[in-house]
Protein chains: 2
Amino acid sequence: MMFRRELAQQLRVDSVRASAAAGSGHPTSSMSAADLMAVLLDGRLRLDFSRPHEPGNDHLVFSKGHASPLLYSCFKAAGAIDDTELLTFRKFGSRLEGHPTPILPWVDVATGSLGQGLPVGVGLALTGKRLDQLPYRVWVLCGDSEMAEGSIWEAFEHAAYSGLDNLVAIVDVNRLGQTGETMHGWDLDYYAAKAKACGWRTIEIDGHDLEQIEAAYDQATTPSDGPTVILARTKKGKGVGAVEDLPDKHGKPLDDPDQAIEELGGVRDLTVEVAKPTVEGAAHEFSAPGGELPHYDLGTEIATRKAYGEGLRALGNRRPDVVALDGEVSNSTFSALFRDAHPERYFEMYIAEQQMIAAAVGMQARNWRPFASTFAAFLSRAYDFVRMAAVSRANMCLMGSHAGVAIGEDGPSQMALEDLASMRAVHGSIVLYPCDGNQTARLLPQMADADGISYLRTSRGATPVIYPPEESFEIGGSKVVRDGGDITLVGAGVTLHESLRAADLLAEEGVQARVIDLYSVKPVDSVTLREAAAQTGGIVTVEDHWPEGGLGDAVLDVLAATDSLVPVRKLAVHALPGSGKPAELLQQAGIDAEAIAKAARQVLQGA
Amino acid sequence: MMFRRELAQQLRVDSVRASAAAGSGHPTSSMSAADLMAVLLDGRLRLDFSRPHEPGNDHLVFSKGHASPLLYSCFKAAGAIDDTELLTFRKFGSRLEGHPTPILPWVDVATGSLGQGLPVGVGLALTGKRLDQLPYRVWVLCGDSEMAEGSIWEAFEHAAYSGLDNLVAIVDVNRLGQTGETMHGWDLDYYAAKAKACGWRTIEIDGHDLEQIEAAYDQATTPSDGPTVILARTKKGKGVGAVEDLPDKHGKPLDDPDQAIEELGGVRDLTVEVAKPTVEGAAHEFSAPGGELPHYDLGTEIATRKAYGEGLRALGNRRPDVVALDGEVSNSTFSALFRDAHPERYFEMYIAEQQMIAAAVGMQARNWRPFASTFAAFLSRAYDFVRMAAVSRANMCLMGSHAGVAIGEDGPSQMALEDLASMRAVHGSIVLYPCDGNQTARLLPQMADADGISYLRTSRGATPVIYPPEESFEIGGSKVVRDGGDITLVGAGVTLHESLRAADLLAEEGVQARVIDLYSVKPVDSVTLREAAAQTGGIVTVEDHWPEGGLGDAVLDVLAATDSLVPVRKLAVHALPGSGKPAELLQQAGIDAEAIAKAARQVLQGA
């Protein structure tokens with residue numbers, strides 16, 4: 001225990017030193033959990049820091065990402081980084097950012113938006129049990145403030161439901177949030193009652209008593225049929241009188257770090273031998289017999305969401321690493337087809353979109369390729385998780401069905417009209433919006449190969465198949481589906497079909513419209529668009545989306561960047577829609593063929 | 001009981017009829033809760049349907065918004081709508097949309113994105129107790145599938161913490177979701193244990209036993225120190241053998257509605273006398289002594305987030321209807337200043353952004369004017385709630401602090417770089433991004449007057465005061481802060497100051513740059529931008545935001561709409577930032593003065 005006590009003090013001292021060197025950071029939130037981490041490092045954690053991607057390694061997630069000084073101090077104590085690097089904390093160019101990100105090889109996912117680490121931990125633990133089929137453990141350090149996030153309780157429910165006995169949550173109940181006391185202070189029983197009700201094993205301890213901590217880890221690692229939470233009563237800033245258990249000490253370096261270091265017994269240079277994983281070996285591999293992507297005959301009709309389901313099922317036959325998750329709408333997104341073909345790689349996440357995305361992030365951290373689907377409108381529920389997934393450098397695929405007013409009668413709550421904008425504004429994202437079945441199916445393997453977050457928008461209603469099955473589609477490409485030199489119509493998905501109808505109407509008037517299928521909204525095909533700007537008298541963009549941030553803005557951005565000075569008319573949904581038939585709503589929104597043809601005429605007349 | 005039994009059957013029959021007439025809808029999800037609503041309407045609910053905005057009225061929120069056929073059937077039974085209108089369900093132009101919206105005067109908020117009605121109900125109940133100070137009750141009908149949403153558990157925690165004895169949640173546990181059974185089926189004890197652990201009074205009943213329902217409402221309306229949940233075991237499609245308790249019957253009209261109606265005893269035309277509120281009277285009014293908005297002297301420095309806090313505190317002195325909510329970062333957003341001055345109108349929502357926005361939506365439904373604040377990055381946590389608030393025609397104000405790479409050391413998890421895009425893509429929204437203290441403070445009264453959702457983006461660091469206190473700012477306006485005819489620089493917030501520095505650099509080279517402060521990103525000042533396009537040789541836009549959907553795209557949209565054919569260079573953040581000093585990160589992102597001046601030179605040289 002003496003070593004552990006010293007180790008804990010070193011973690012505190014190093015948290016104080018790193019924050020002092022940075023001039024910012026969260027030392028007090030680190031000091032409360034130092035004892036918990038010291039005991040974990042010394043004998044409990046099984047992680048080979050020299051081989052961070054070893055499949056059998058345990059995973060340590062700091063859901064309270066602001067305790068990064070503690071995490072980095074652990075890395076130093078484990079010999080993974082040296083003291084010089086520790087003191088680069090928060091400096092420009094350092095790997096030791098203000099909140100942890102996976103540019104550090106021992107960090108699976110970025111944290112810092114509270115309430116995300118535990119749901120991601122559920123994803124890692126699901127991966128361990130069902131995908132990797134390895135006995136690693138997932139340890140998640142949570143703060144008590146973040147227990148107010150609903151996503152934490154999605155995680156509690158799913159972890160118990162899935163019997164994740166390989167998951168241990170450690171809650172650092174230091175009672176003090178950023179601005180004051182949490183709702184429940186040191187009422188460990190409150191948290192325990194909720195966790196128990198969810199089906200977790202609960203352990204309440206004094207988080208500064210090394211023997212209690214040891215006993216808690218003993219208990220947490222004995223066989224069980226579900227996850228364990230250790231609720232640890234701690235003091236923020238523990239060990240330094242000037243800050244211990246005091247308000248207004250959040251998120252700032254200590255006023256007198258030298259005095260604090262002295263009070264903590266001075267600088268140490270202990271190294272802890274973190275245990276290596278006991279079971280070596282590779283992750284489980286599923287079989288994938290191979291096979292063709294679905295083929296659809298020209299002129300038939302199929303909804304792109306259904307082609308997604310059929311395509312994903314086929315992709316699962318070709319790639320053993322592909323897994324699917326759905327938010328309890330798999331019969332609408334057609335991910336049910338994947339579920340039925342590959343039940344062992346399908347995850348029903350029920351109506352918990354945040355947990356769904358977090359689970360996908362956890363799975364991709366172990367090199368699986370998740371496809372997560374729900375109504376496009378409801379992906380907005382998990383927007384912060386998608387945002388953070390980009391900071392995590394996650395490689396994953398999202399599918400949102402039922403986009404736009406074209407869904408019809410269900411009304412605006414179910415209509416995604418902001419998804420192109422919000423998904424384009426995710427760092428490094430890919431945004432695709434196919435218009436037919438073959439295009440949809442053929443984009444899926446490319447999504448599965450792509451780095452970063454790719455998003456596929458699909459439609460509710462059936463649309464005609466306009467591409468032959470042998471046509472190929474690149475991310476970043478487009479298709480000129482009708483040639484013409486007078487004016488250019490740019491659509492995607494539902495509005496591509498309206499644009500084709502508009503071209504028919506214009507042709508009757510002797511106007512030859514070029515129609516571009518801009519199925520890759522991001523990245524966007526600047527060459528084809530620039531050519532169209534140079535070769536035709538104007539451009540009409542049309543999208544089943546609000547006017548802001550979608551397909552039209554993607555086109556304008558290209559034209560501005562290339563100084564293509566051509567008149568552009570952007571058609572989009574301006575008024576809040578209600579219920580109605582799809583055709584009625586497309587007409588009302590001014591994005592149907594007639595509206596497109598009218599806009600084209602106005603551009604040509606210089607109106 | 002005979003009347004209630006008949007009434008319940010009428011609600012079922014009308015749900016079947018409305019869905020059959022529409023050819024879509026959710027009759028089976030309506031039939032499970034018909035008994036619960038029949039007893040509620042007959043003697044429990046106190047709502048004067050002829051005076052829907054009567055302050056003393058109870059509130060009835062269908063959190064399971066897809067049970068709209070049941071809600072509309074209740075309205076018919078209460079005499080609020082007639083049978084002819086009932087049968088317009090889901091038709092183009094009808095008020096009876098697929099999911100309820102407030103175009104119906106008895107609907108407070110739009111639902112249909114699951115897990116939102118209960119958190120909004122918490123907002124209404126908070127309003128009743130603390131703002132209106134009226135004894136109305138808030139009844140929320142929840143589905144069991146939506147109990148998987150974390151936001152529901154944010155609501156459970158907050159309602160108990162706030163002692164909302166005026167809130168009754170009725171959970172229609174019909175066990176069947178859209179695709180299959182829920183995680184917990186008919187395990188009422190599971191839900192009860194969680195609710196109890198949160199501090200709720202729980203009642204478990206057979207939801208088809210009218211006497212048990214009556215007794216449950218009796219119990220739910222006896223004095224208590226907190227909220228009550230009635231967990232009702234029900235059968236989906238109750239009363240019709242072809243669908244009752246069967247899978248795959250979700251979200252579609254019955255195959256044989258005539259047979260179903262016959263089985264339910266035929267069409268009835270009962271009217272129920274819904275009780276009127278027993279206590280008449282107006283909502284409480286707070287005092288507002290009046291006073292000045294804060295004044296900042298030219299050349300001093302203040303962070304716009306601090307000016308927000310000082311301005312909001314002053315606004316609270318002028319407008320008694322202004323209330324503030326914060327996500328446990330009030331010392332960062334400076335909403336703490338409002339809290340200290342007006343504690344009775346401040347709501348600490350802890351780290352539960354979804355519940356924060358939902359509470360604001362509930363408050364505005366009772367005509368209070370909420371200002372809800374947190375870090376701009378964390379508003380993304382509640383994006384679906386903001387989206388739905390627009391469908392609710394909500395009038396409310398949001399403030400997001402700590403925008404962009406300019407926050408510095410905290411790193412990308414805390415940097416809002418997608419907020420302009422996501423907030424612009426909210427229907428009818430206003431997006432403001434002030435650069436100095438006076439501008440910030442003067443925009444607040446206009447936000448408080450504006451219809452719809454207005455969003456104010458503020459900065460972490462102090463910026464120079466460049467406008468005198470007497471300057472006025474309109475939503476939809478802009479300011480030419482420096483005149484010049486050679487080139488135009490467009491910035492806002494932090495980048496407006498960088499643009500001014502760039503203009504200085506360019507002036508040294510003899511280039512006269514016009515600098516536009518585009519503080520109103522939406523709506524945007526097309527006149528001033530068009531003038532600049534016509535009068536200068538090009539435009540450089542610069543924003544501390546991803547390239548997609550923000551300030552630059554707003555400018556391009558205006559120029560495209562007006563055929564202003566001028567070269568535009570968009571500067572924005574392209575690479576994922578890390579930690580560093582603000583100046584280092586602005587430089588790395590290519591959005592500091594030097595980068596702006598360089599881009600201006602390139603435009604002028606036609607590069």
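User: In this predicted model, what percentage of the interface residues of chain A are also interface residues in chain B?

Analyst: Start with the contacts: 100 residues of chain A touch 100 residues of chain B. The copies meet through the same surface, so the share of chain A's interface residues that are also interface residues in chain B is 100%.

User: Which residues of chain A lose the most area to chain B?

Analyst: Between them the two chains bury about 8,200 Å², with 53% of that on carbon and sulfur atoms. On chain A's side, three residues together make up 10% of what is buried, and they're A:Phe92, A:Met183 and A:Arg381.

User: How many salt bridges are there between chain A and chain B?

Analyst: The side of chain A that touches chain B has 38 nonpolar, 35 polar and 27 charged residues. Across the interface, 47 residue pairs are in polar contact. One salt bridge joins the side chains of B:Lys522 and A:Glu548, at 3.4 Å from N to O. The count of salt bridges between the chains is 14.

User: Which residues touch the most other members of the largest nonpolar core?

Analyst: Take A:Trp200: beyond its neighbours within four places in sequence, its contacts include A:Leu118, A:Phe156, A:Leu167 and A:Val229. In the 298-residue core, the ones touching the most other members are A:Trp200, A:Ile357, B:Trp200 and B:Ile357.

Technical notes:
Residues are numbered from 1 along each chain as its sequence is written. Chains are lettered from A and ligands numbered from 1 in the order in which they are written. This is a predicted model: local features need pLDDT of at least 70, side-chain atom pairs count only at pLDDT 80 or more; totals for chains, interfaces and linings use all residues. Side-chain values use heavy atoms; hydrogens and water are left out. A nonpolar core is a set of buried Ala, Val, Leu, Ile, Met, Phe, Trp, Tyr and Cys residues joined through side-chain atoms within 4.5 Å. Buried means under 20% relative accessible area, exposed over 50%, partly exposed in between (1.4 Å probe, protein chains only). Contact means heavy atoms within 4.5 Å. Buried area is the accessible area (1.4 Å probe) that two parts lose on being put together, summed over both. A salt bridge is a side-chain nitrogen of Lys or Arg within 4 Å of a carboxyl oxygen of Asp or Glu. A polar contact is a pair of N or O atoms within 3.5 Å; within protein, one must be able to donate a hydrogen and the other to accept it, and residues adjacent in sequence count only if both atoms are side-chain atoms. Ala, Val, Leu, Ile, Met, Phe, Trp, Tyr, Cys and Pro count as nonpolar, Asp, Glu, Lys and Arg as charged, and the others, Gly among them, as polar.
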